[in-house]
Amino acid sequence: MTVSKTGLFTHRDCWKHEMGPGHPECPARLDAIEDRLLVTGVADALERYEAPLASLSDIELAHDRMYVASVRGMSDRVAEEQLAGGPSYQQIDTDTSMNAHTWNAALRSAGAAIAATDAVMSGELENAFCSVRPPGHHATRDKAMGFCFFNNVAIGAKYVLDRYHLKRVAVVDFDVHHGNGTEDILAGDERTLMVSIFQHPFYPYSGDHNPASNMVNVPVPAYTKGMDIREIVEMMWIPRLEAFKPEMIFVSAGFDAHREDDMGQLGMTEQDYAWITQRIKDVARRFSNNRIVSCLEGGYMMGPLSRSVEAHIRVLADL
């Protein structure tokens, strides 16, 4: 029996985390992806994995120990208060809150990135997509924000450097928002290169300058079209990635730059996501032994989100 070379990592715990009625970062996002992959037959071509719980020592590769303890403490407190008839949510900031299931969901999300990394490094898979939530790229070393608690991609990158002793790991982030958390964790670590494109000025109002030589931030104004973004990728990302010669690539796969997603104002389409994914694959084929681990970040309109994830995975899996 031939094993698919593309894995899908997820876990039902990721559905249980939620931040209140009407919140855009909701469990229905994963349902939309699951439904789309099933109805299009893409799911049949993927090897499916249950995401394990990440260990605290793996989380602490990217996050401050006291911060990790505080997230756990808040989670325990929410569970206790809920049992006592209190509120079901603990507010972290204006747009981020947690419920009694957030801790486990966040450990599963990071665990997906780690398990996918192990499967790709062992040669069991060529690449993988982690269909998980909460997302991660706004979580800094010591702070939850922007719907994010633990930085899944940064944890994966630190893990593969630490565990497999790789010398060069790249992170590609095409979410509509700047991955300020990933930057906070990886800036100045010359074993990593992060290339990103994002709307600016826009939440989290950062990224308009490069704090370190291993960061390639490309802020673009609202209403930038997909073809312009492709040109930027070709001119600014690809030469840096090729010069860096990454041994593995992580993707912060946010699909909220889609023109139908009202979270942002960029003009990307499914075809643009497929094109970018192909360019990432080209780099991975040349330098990384095809090794790619992609983790879901943003994308809040169910139709464009699910179609864009499908397009992304089709390219990963050569479908």
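At 62% relative accessibility, Tyr 223 counts as exposed, where exposed means over 50% relative accessible area, buried under 20% and partly exposed in between (1.4 Å probe, protein chains only). Keep in mind that this is a predicted model, where local features need pLDDT of at least 70, side-chain atom pairs count only at pLDDT 80 or more, and totals for chains, interfaces and linings use all residues. Residues are numbered from 1 along each chain as its sequence is written, and side-chain values use heavy atoms, with hydrogens and water left out.

Back to Tyr 223: its phi is positive, about 75 degrees, although it is not a glycine. You'll find Tyr 223 in the loop between β8 and α8 (226-244); helices (H or I, at least four residues) and strands (E, at least two) are DSSP runs, numbered from the N terminus. Tyr 205 also has a positive phi, near 60 degrees. Tyr 205 sits in the loop between β7 and β8 and counts as exposed because its relative accessibility is 59%.

Next to it in the chain, the peptide bond from Tyr 203 to Pro 204 is cis, with omega near 0 degrees. Another cis bond runs from Arg 133 to Pro 134, with omega near 5 degrees, and Pro 134 belongs to the loop between β5 and α6 (152-164). For context, most residues other than glycine have a negative phi, and most peptide bonds are trans.

Now for strand β10 (residues 292-296), where five of five residues are buried. Ile 292, Ser 294 and Leu 296 point one way, Val 293 and Cys 295 the other. In a regular strand the side chains alternate between the two faces of the sheet. Strands pair if DSSP finds at least two bridges between them. Strand β5 (residues 127-130) runs parallel to β10 and is joined to it by four bridges, with Phe 129 partnering Ser 294. Five bridges join β9 (residues 248-253) to β10, also in parallel, and Ser 252 stands opposite Cys 295. From β9 the chain crosses through helix α9 (residues 270-287) to β10 in a right-handed β-α-β crossover, which means that, with the strands pointing away from the viewer, the path from the first strand over the helix to the second runs clockwise.

Finally, look at His 63, in the loop between α3 (56-59) and α4 (65-83). His 63 counts as buried because its relative accessibility is 2%. A polar atom of the His 63 side chain lies 2.9 Å from the backbone oxygen of Thr 140, and the side chain reaches the backbone oxygen of Arg 141 at 3.3 Å.

Key. A polar contact is a pair of N or O atoms within 3.5 Å; within protein, one must be able to donate a hydrogen and the other to accept it, and residues adjacent in sequence count only if both atoms are side-chain atoms.
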